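Look at the sequence and the model below.

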Amino acid sequence: MTIKETRLYVFNRAGWRCAVCGKKIDWNTGQLAHRIPKTKGNIKQYGLSVIDHPFNMQATCSLRCNAAVLIGNSSIKKQQLIERIMQEKICQKKGQ
């Protein structure tokens, strides 16, 4: 997916509302927030295909709400999210 396609997918999935506060967003005001942050360490550990996957993103309205979607140090939540992304990738490959 391109960044525009990912953005549209995430915003549609969220019903064009902030995942944290519920405020209505539009193409210009909405932000994509990574649940597992896009840092050099995380990219090295998980790869861009996981970090930039739509399941790792939430639609938010502001930097405050953006920070609220971070998984943080919860290794269980990270592992669950990564497993979900990997399962979706397997399903996509089978469908091709």
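**Rings, charges and a pocket**

W27 is partly exposed, with a relative accessible area of 34%; partly exposed covers the range between buried, under 20%, and exposed, over 50%, with a 1.4 Å probe and protein chains only. The model is predicted, so local features need pLDDT of at least 70 and side-chain atom pairs count only at pLDDT 80 or more, while totals for chains, interfaces and linings use all residues. Residues are numbered from 1 along each chain as its sequence is written, and side-chain values use heavy atoms, with hydrogens and water left out.

How many aromatic pairs does a search of the whole structure find? The search finds two. Rings of Phe, Tyr and Trp (its six-membered ring) count as a pair if their centres lie within 6.5 Å; planes under 30 degrees apart are called stacked, over 60 edge-to-face, and the rest tilted. F11 and W16 make an edge-to-face pair, at 5.2 Å centre to centre and with 65 degrees between the planes. F11 also pairs with W27: the ring centres are 6.1 Å apart and the planes stand at 80 degrees, so this pair is edge-to-face. Helices (H or I, at least four residues) and strands (E, at least two) are DSSP runs, numbered from the N terminus.

Together, ring pairs join F11, W16 and W27 into a cluster. F11 is buried, at 0% relative accessible area, whereas W16 is partly exposed at 23%.

W27 has a charge over its ring as well: the charged end of R7 sits 4.9 Å from the ring centre. The rule is that NZ of Lys or CZ of Arg is within 6 Å of the ring centre and within 35 degrees of the ring normal. In another such case, R84 lies over the face of F55, 4.0 Å from the ring centre.

F55 is also one of the residues that line the largest pocket. A pocket is an open set of points on a 1 Å grid over the protein atoms alone, where a 1.4 Å probe fits, with protein on both sides within 12 Å along at least five of seven lines; lining residues have an atom within 4 Å of a point. The largest pocket has a volume of about 240 Å³, and α1 gives the most to its lining, with three residues.

Note on methods
Grid points are joined across faces, edges and corners, and a volume is the space filled by probe spheres set on the points.
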